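Please look through the sequence and the model below before reading on.

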Amino acid sequence: MPREYPLQKIRNIGIMAHIDAGKTTTTERILYYTGKTYRMGEVDEGAAVMDWMEQEKERGITITSAATTCYWREHQINIIDTPGHVDFTAEVERSLRVLDGAIAIFCGVGGVEPQSETVWRQADKYNVPRIAYVNKMDRVGADFENTLRMMRERLGTKAVAIQIPVGQGEMFAGIIDLIEMNYRIYHEETFGATFEDQPIPKSFMETARKKREELLEALSDYDDRLMEKFLSEKPIEPEEIKKALRKGSLDAKVVPVLCGASFKNKGVQKLLDVVVDYLPSPVDLPAVKGVNPESGETEERKVSDDEPFSALAFKIVSDPFIGKLTYFRVYSGFTKVGTVVLNGNNGEKERLSRILRMHANQRKEIEEVYAGDIVAVVGLKSVSTGNTFCDRDHPIVLEKMVFPEPVIAVAIEPKTKTDQDKLTGSLSKLSDEDPTFKVSFNEETGQTIISGMGELHLEILVERMLREFGVKANVGKPQVAYRETISIPVEAEGKFIRQTGGRGQYGHVKLRLEPLTSGEKYVFEKKISSGVIPREYFSAIEKGIKEAMSNGVLAGYPMVNIKAILYDGSYHEVDSSEIAFKIAASMAFQAGAKKALPKLLEPVMDVEVVVPEEYMGDVIGDLNARRGSILGIHPRADAQVISVLVPLSEMFGYATRLRSLTQGRAVFSMEFTRYQEVPENLSEKILTKVRGY
C-alpha cells in the first residue's frame, strides 16, 4: 500500500505558548476546521476547554495524546504536544528533537511573557523554524504592534508581520493579508468556517501599504531578484514574496507573524495556510545521524522510504484502556504491522502488533508507517524514552538521549494497604514515562524514595500520582541527594574467616583505593599475580566493593569517584567461596574508605537567569548569598542572562524569591552539572543532622 501523502506534504509541528495564551483553544479550532472534531458549539461556549483546563491542568493539548494528525490543503499535519515547563528538561529535549517546525502563540494583551521567552530560547538552541500567532486580538487591551515590538526586543528575533488586524479589542473585525493585499471577514453563523475576502477598507489602505513595505524590506535580504524589484519600485507578485518568506523561515532567520482570535473563530484557517506554506517538511531537513551499535561507527539515514527503517521513541504514555502506548517518529524507511524490529539501545527484538494514528480523540489502526510519520505503537515491552527502533539487519542508535541523574528526593508513604499496591503500579508507570524520575526503597526506614530533577518536577509527579492514579499518600519534604568520596590514596585489608562444623568460609582481599578526578564514578582494576586469588572470585570481589559503595562511611550516602585496585589476597582450596570473597571485599573497602579522609559532595546546578537590566543588582546579590559562582553575564535583547553555578541545597524556594525580586519579570532554568565538595563548616552541620545528634 503506497504512502498516503508524499514527504513534501507532511508537516511535523509543535505548538508552544505561555500559559493562558490560548494554546488549547487554538488546537481545538485547528482540529475543528480540519474536520477532526465536530462539537464546535460546545467548544464555542468554552465549556469543553475550561472544564478540561480546570480538572486536568495538563501541559498538553486537549486530547491527551502526545501527537495528533489532521489534514489541510492536501497536506498531512502532525501536531506534537510540547511541554510548557523548562523544568522538564527531558521532555523539552525530546519534543524539540522530533518536531520540524513550531507555532509560537502569544497573547495580544500580555505580549511576550516570561514563559514564552524561555520556550523560545529552547527552540533557538535547536534552530527550530517558527511562525508566530498573536492570539486574543478581540480582548480589551490587545495591541498587535506592541507584541511585534516585544518579540523583536525581548526575543531578539526578526519578526515580520504578514497580516495586520482591522480593529483591536471589541472592535476587532477581520484580518488584512499583506501578501495577497486583501481583507478577510469571518461569518459568525458558521463559527468562522466560512469567510469572505474583500478589498482593503480605504481607512486601512495607508497602514497596509506601509506594513507591506516593511515586509518586503525584511525579505529582500533573502532574494536578490526581490531586492532588485523592491529597490526599482517594480510590482512584486505574491508568489515571489512567499518564496523569499519560505527561504527565510526555513533558515530560522525570519519569523512570519499572524494575528487572530481563536475563541471567536477568526484567523485559524490562515494559520493553517502558513503552516503549509512556510514550515519545513521532513525533506527540508538534513539527514539524521546515528551510531551503529555493533561497529561504533557514525552513520546517516536520509529521510526516504528507500533507506533502512529507523525511528525514535519520544514519549511513553500509560493509556487506561489499551495499556502502554509508545509514540515514535519515523526518520527513514518504512515498516508494517507484524514486523519484528530491533531496539538499538538494548538489543531486544519487538513485534509491532498494533500501530495507531491519533486523530484528535480517536484512534485509527494503520497497517504501514513511512519516513516522516508520527504514530503510536501498543504493547512494546522493553522500551524507554529515547530508544531507537530499527531494521534488524541495519542497526542504528539515532541519539542516545543522555538524561541527567536525579538530584532531589522525597520520601513517600502510602496511607493504607490498598494504597501500597496502587503506589507501586503508579510509580512504575510514571518512571516508564519519565526517564529522569527514579524510584528506590530505603530498607532501614521502610520508605519509598522518589527522586527527580527539581522541586517543581517532583511536585507535579506527586500531584499526578494522587490525581490520575488515586493514590493516598503522605509526602515528606524534599531532600538533597548528597554523595561521598575519598580524599587520599590508602591501602586496606579485609579477611572473612568462619569455621563451622563442616566446610568453613575463607576470603582474604587487599585493596588500594584512590580518588578519581576524571569524572568517572567508579573503576575496578586487578593488579594481582597469577594464582594468588582464582579468577572466578573476581566478579564476587567487585560485587562486594559496589555494595559497600552504595552505603557510604560518613552518613550512608552513595560513594562516587573512587578507583579500587585489587593487588593481593589469599584463598583456601576447600573453604573459599564467592560469598566469602564478596564479604571480604566489602570489609576491605569500608575499612579503607574510613582511613581515606572521606568527604561529603553536593549536587551543583547550572542556573541561567534571564533578568531585565533594572533588577540585575538584586538578583546577583541574592545568588551570591546562595553560594553562587557567577560564570558570566551576556546581553540578550532587553534582558541580561546570568550564568551561575549554585549548590542545589541553596535553590529551594528560588522561584518564589526571584518572582518577588523582579515583579515576575525574570525567568530561570536549572540543570544538574556536577558534584563538588561541601565546605567543611556546612559539612559538619549536615552530618550532625543526618546522624541525629
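Predicted model: local features only at pLDDT ≥ 70, side-chain atom pairs only at ≥ 80, totals over all residues.

Which residues are in contact with Ile103, once its neighbours within four places in sequence are left aside? They are Ile13, Gly14, Ile15, Met16, Ile131, Tyr133, Leu271 and Val275.

## The protein as a whole

The protein has 693 residues, of which 54% count as buried, and it contains 17 helices and 37 strands. Among the contacts between residues at least 6 apart in sequence, 73% join residues that are at least 24 apart. The accessible surface comes to about 31200 Å², and 49% of that surface belongs to carbon and sulfur atoms.

Helix H7, residues 202-219, has 18 residues and reaches 26 Å from its first C-alpha to its last, which is close to the 26 Å expected at 1.5 Å a residue. Its buried residues are Ala208, Lys211, Arg212, Leu215, Leu216, Ala218 and Leu219. An α-helix has 3.6 residues a turn, so residues three or four places apart point the same way. The cover over the buried residues of H7 includes helices H6 (144-154), H8 (224-231) and H9 (238-250), together with strands E6 (159-161), E7 (163-166) and E8 (174-177).

In H12 the buried residues are His457, Leu458, Ile460, Leu461, Val462, Arg464 and Met465, and they pack against strand E24 (408-414), helix H11 (417-433), strand E26 (447-452) and strand E27 (473-475). After H12 comes Gly470, which has a positive phi, near 65°.

Lys136 has a phi near 60°, a positive value in a residue other than glycine, and it is found in the loop between strand E5 (130-135) and H6. Is Lys136 buried or exposed? Its relative accessibility is 18%, and because buried means under 20%, Lys136 counts as buried.

Asn561 also has a positive phi, near 55°, and is likewise a residue other than glycine. This residue lies in the loop between helix H13 (538-549) and strand E33 (562-570).

## Aromatic pairs

The count comes to 11 aromatic pairs. Tyr32 and Tyr33 form an edge-to-face pair, with 5.5 Å centre to centre and 70° between the planes. Tyr32, at 21% relative accessibility, counts as partly exposed, whereas Tyr33 is buried, with a relative accessible area of 11%.

Phe328 and Phe389 form a tilted pair, with 6.0 Å centre to centre and 40° between the planes. This pair links distant parts of the chain, since Phe328 is in strand E15 (residues 323-332) and Phe389 is in strand E23 (residues 388-390), 61 residues apart.

## Cysteines

How many disulfides does the structure hold? It holds zero disulfides. Cys70 is buried, with a relative accessible area of 0%, and Cys107 is buried too, with a relative accessible area of 5%.

Definitions and conventions: Residues numbered from 1 in each chain as written. Heavy atoms only, no water. Disulfide = S-S within 2.5 Å. Buried < 20%, exposed > 50% of the residue type's maximum accessible area, 1.4 Å probe, protein only. Helix = DSSP H or I, 4+ residues; strand = E, 2+ residues; numbered from the N terminus. Expected span 1.5 Å × (residues − 1). Contact = heavy atoms within 4.5 Å. Areas by Shrake-Rupley, 256 points an atom, 1.4 Å probe, with all protein chains shown as cover. Phe/Tyr/Trp six-rings, centres within 6.5 Å; stacked < 30°, edge-to-face > 60°.
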